[in-house]
Amino acid sequence: MKISEIERLAIVNSIDEARQSKHEDAKVHPNVGVVIVKNDEIIASAHRGEIDLGDHAEFTVLEKKLKSDILAGCTVFTTLEPCTTRNHPKLPCVERLIERKVKKVWIGMVDPNSKISGRGITRLREANIEIELYPPEYSAVIEELNRDFIREQKKASITDSINSEQYEKLSKRSLDEWYESINKIYWNRNYYQGVAQTFSHLVEVIGGLSLLASEKKKENIIPENYMPKAIAWWLALCGKLGINSVEEMLWDKFPNICPYCQLNPHIDRICSDKKLASKGPDWATLKKLGTNKMKPKSVGDWQLMFDTIYPVTSTDEYKPIFARLIEELGELSEAIRVFPAEPGYFLSEACDVFAWLMRIQNTFDSKKHNKVGDLLNIGLAKNYPEICLDCNQSVCSCPPILKSTIGRIAHEIPLSKNTLEHNARFLTADQTSEKFGNI
């Protein structure tokens with residue numbers, strides 16, 4: 001497509017504006033830039049959140065920068081299809097453009113939000129406003145700039161297609177049913193991934209969850225959304241090591257009582273004394289006490305059981321909980337290392353990690369006054385609705401490392417893309433052997 005110099009300049013400027021977008025919260029929002037051209041001259045530009053966080057780029061330029069200007073006959077360059085829906089009393093951007101009687105709108109990317117996609121273009125055409133799409137090489141840059149937003153919208157589209165009856169059914173699944181379902185979806189993808197890699201991914205996800213304790217803000221990261229992912233990777237780890245039933249494994253150690261003081265609710269003083277007097281849980285007694293008792297079913301039910309054993313309050317702090325979880329992850333790491341010699345150690349340590357994850361979720365729910373178990377049941381149903389949300393397949397066909405992951409971590413790489421400079425930081429296999437080996 002042949003474009004004029006002013007069109008090229010406006011497109012480039014709109015992309016530069018999009019790169020400067022500011023977001024109002026941790027949710028994934030699009031990066032959007034807008035440029036207004038009048039009489040072959042750029043008269044204004046803006047980006048999302050430029051003046052006030054949460055404001056769309058079109059609103060910023062039309063209502064805050066050019067509110068009193070006559071824009072009839074102007075051309076608008078926007079990196080994202082204008083929105084068609086806003087919460088009352090806000091007016092959709094597409095309607096603002098129509099009101100200002102612009103002549104033409106260039107669009108860099110169709111909105112991936114299924115509630116908007118294509119509707120903005122249709123509405124503009126209905127108003128006799130000319131539409132032009134950015135040349136492919138510029139659209140590709142915009143799509144890369146918004147890869148996280150596109151991914152989230154694709155997931156939302158899939159989850160929106162699941163009706164309430166299906167969600168109700170998924171949210172009532174037993175823990176073992178989730179264990180089987182999640183491992184079936186990702187078994188092929190995880191097959192060539194070692195146990196240590198699976199464990200490291202669990203630790204990586206818990207790292208996102210730990211932002212609850214550090215209170216560190218990261219763009220596009222909502223820490224409480226990481227709990228379903230943490231449970232999923234815990235289930236994947238158990239699958240890699242061939243656990244027959246995670247429910248039976250948990251019930252062996254937590255048959256609705258604390259494994260040390262054997263009480264519900266647990267009492268610190270008694271528990272500490274019994275721990276000092278013994279080398280570990282009394283497994284035979286726990287088995288006897290668990291016989292003929294009703295095991296929890298859904299993940300939310302397990303969460304509720306742990307809440308009765310180890311009650312939390314809204315004043316509980318995350319930091320000591322995460323300190324204990326890190327301790328348990330260290331012990332689980334040891335259990336994985338010695339697994340070939342003593343697999344039974346994993347059975348105990350995996351249970352402790354699960355228990356502390358439940359403690360974090362119970363603390364969060366207590367602080368937010370949520371009903372125990374509801375958020376976790378819904379979170380699993382939305383994140384793992386019997387398909388992989390990245391490739392939309394019932395058996396995941398994604399590559400071992402997603403492109404979005406490479407894109408997300410690219411800015412953390414300290415070296416340039418110069419291959420010689422990059423390779424200088426690493427040894428070849430022969431060089432490593434020569435440097436460290438005793439040959």
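Predicted model: local features only at pLDDT ≥ 70, side-chain atom pairs only at ≥ 80, totals over all residues.
1. Overall architecture. The chain holds 21 helices and 5 strands. Its C-alpha trace extends over about 85 × 65 × 40 Å along the principal axes. Of the 439 residues in the chain, 45% are buried. When contacts between residues at least 6 apart in sequence are considered, 74% of them join residues at least 24 apart.

2. Length of α16. Helix α16 covers residues 318-337.

3. The buried side of α16. The buried residues of this helix are Tyr318, Ile321, Phe322, Leu325, Glu328, Leu329, Leu332, Ala335 and Ile336. Viewed down the axis of α16, these buried residues fall within an arc of 120° and therefore line one face of the helix.

4. Cover and opposite face of α16. The elements covering the buried residues of α16 include α9 (195-209), α10 (211-214), α11 (226-240) and α17. On the face turned away from the buried side are the exposed residues Lys319, Ile326 and Arg337.

5. The second largest pocket. This pocket contains about 580 Å³ of space. Its lining comprises 24 residues, and those nearest the pocket centre are His266, Lys275, Tyr310, Arg324 and Trp356. By class, the lining consists of 11 nonpolar, 3 polar and 10 charged residues.

6. At least two lining residues come from each of α13 (268-277), α16 (318-337) and α17 (344-368). The largest share of the lining, 6 residues, is supplied by α16.

7. Arg96. This residue is found in helix α3, which runs over residues 93-99. Arg96 counts as buried because its relative accessibility is 13%, under the 20% cut-off. Leaving aside residues up to four places away in sequence, Arg96 touches Phe59, Leu62, Glu63 and Leu91.

Definitions and conventions
Residues numbered from 1 in each chain as written. Heavy atoms only, no water. 1 Å grid on protein atoms, 1.4 Å probe; cavity = no way out; pocket = protein on both sides within 12 Å on 5 of 7 lines; lining within 4 Å. Points joined across faces, edges and corners; volume = space filled by probe spheres on them. Helix = DSSP H or I, 4+ residues; strand = E, 2+ residues; numbered from the N terminus. Nonpolar A, V, L, I, M, F, W, Y, C, P; charged D, E, K, R; others polar. Buried < 20%, exposed > 50% of the residue type's maximum accessible area, 1.4 Å probe, protein only. Arc of directions from axis to C-beta. Contact = heavy atoms within 4.5 Å.
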